Amino acid sequence: MSDQIKQATQEYATRLGDDSVVLGHRISEWVSYGPFLEEDIAYGNVALDYIGRARMFYTYAAELADDGRDEDDFAYMRNDREYRNLLLMELPKGDFAYSQVRQLFADVYYALMLPELLQSKDETLSAIAAKAIKETKYHLRRSRDWVLRLGDGTEESHQRAQKAVDQLWGYTHELFDMDETEQLLADAGIGVDVAGLRDRWLEMVSVILTEATLTVPEDSWAVRGGRIGNHTENLGHMLTEMQIVHRSHPGCKW
Amino acid sequence: MNEISLMPEEQYQRLQQRHAEDVRALWDLLDAIKDPEIPALSIWDLGILRDVQRNGDQVTVTITPTYSGCPAMDNITTDVIQLLHDNGYSDATVKLSLSPAWSSEWMSPEGRKKLREYGIAPPEDAGLDDDGLTPDAHAACPHCASRHTRRISEFGSTACKALFQCDDCGEPFDYFKKI
């Protein structure tokens, strides 16, 4: 592996780890607040899948960086400007409809992106994708069911689901952005060309939203910046809570 | 219905591996390591234990997680190292392998039986729906064997399980997902 590719792969693994840990943490905020017990447990399970993925991506990033850092350093010792996650993942959990609509957008994205990552020439990235694909099928079935149920439910649930769709839509464009690093890796057969996934994503999401009697928004605005460390104010607050124990007791084990 | 039960290819391969002469005793020893979340099953039964290699005094044990976030991996690693240490293998390492991804096919036949006795329906006790996912009904109840059951939640007490309820005996039960 050339130095340039190695460095890009490390950055890429970090980005994917950041997406996973941030979304995983957001989902975990529902634990003990779920609308009923089974749903509460389901949220915990999904959060764990994402946090597990983050561990695998970070462990790989640390291995490539080879500078003495480990997965915990990546998760707990970087500040918000050093995080490279997509903005969609860091938005606060909002109400139940908001979280489920975000989850649907993310699940459809992963349902398309992971099979591509499985084809990666990088064995570790491919292996992580192989595990995650199986989990994502379950995540997607659940978020799809919920969006259908909320959109095509009561007047209140419909209105909340539509509001969530409208508020989140502008954050979905960033999911399909490519920069130099990702282009380099896509050309090398290591990373995924996410730009090529947007049409299919839009189609799948539109079918589900329409079935849920929800309106697919116009593309009238877009917010970007997560991949270069320009985050919404929410990430800083989230990381403060997520990192406090580790930063207060470095190296603590239990 | 009478059928000659065939051993799946994966099981055969695993048994062959286990019978390799120089590490046979180590495989047997590792049967003592149970999954902390399903203590009725050993890591061999679950198919989490993938490989045992010995090079002089050095022992390398390879395990694989059932799901990405399986929190039991850290415990299992500690237990394996402790057990080997107690049995005179002080130079032991545990390697986490991600590929190939764990499959419920790897579970041993004894494991499936023990799982059912423990009150968890093993993967083969339900079909698959069109998407290849857990169906919303008809997993066999491990308590009364009824198929008159329905899924309550996609996700059970751990990520590898779904939650069902039996409409005949009324008991809720975990179903080990087929993946």
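Biologist: Which residues of H5(A) meet residues of H9(A)?

Modeller: Leu104(A), Phe105(A), Val108(A), Tyr109(A) and Leu112(A) in H5(A) meet Arg200(A), Trp201(A), Met204(A), Val205(A) and Ile208(A) in H9(A). By class, this contact of H5(A) with H9(A) has nine nonpolar, no polar and one charged residues. Contact requires C-beta atoms, placed from the backbone, within 7 Å. Ala, Val, Leu, Ile, Met, Phe, Trp, Tyr, Cys and Pro count as nonpolar, Asp, Glu, Lys and Arg as charged, and the others, Gly among them, as polar. The model is predicted: local features need pLDDT of at least 70, side-chain atom pairs count only at pLDDT 80 or more, and totals for chains, interfaces and linings use all residues. Residues are numbered from 1 along each chain as its sequence is written, while chains are lettered from A and ligands numbered from 1 in the order in which they are written.

Biologist: At what angle do H5 and H9 of chain A pack?

Modeller: Two packed helices are described by the angle between their axes and the distance between the axes. Here, helix H5 (residues 96–118) and helix H9 (residues 198–211) of chain A pack at about 135 degrees, with axes 10 Å apart. Helices (H or I, at least four residues) are DSSP runs, numbered from the N terminus. Axes are lines fitted to C-alpha atoms over the stretch in contact, and angles run from 0 to 180 degrees between N-to-C directions. H5(A) is therefore oblique to H9(A); angles under 35 degrees count as roughly parallel, over 145 as roughly antiparallel, 65 to 115 as roughly perpendicular and the rest as oblique.

Biologist: How many residues does each chain give to the contact of chain A with chain B?

Modeller: Chain A gives 22 residues and chain B gives 16 residues. H6(A) gives the most to the side of chain A that touches chain B, with twelve residues. By class, that side has ten nonpolar, two polar and ten charged residues.

Note on methods. Contact = placed C-beta atoms within 7 Å. Helix = DSSP H or I, 4+ residues; strand = E, 2+ residues; numbered from the N terminus.
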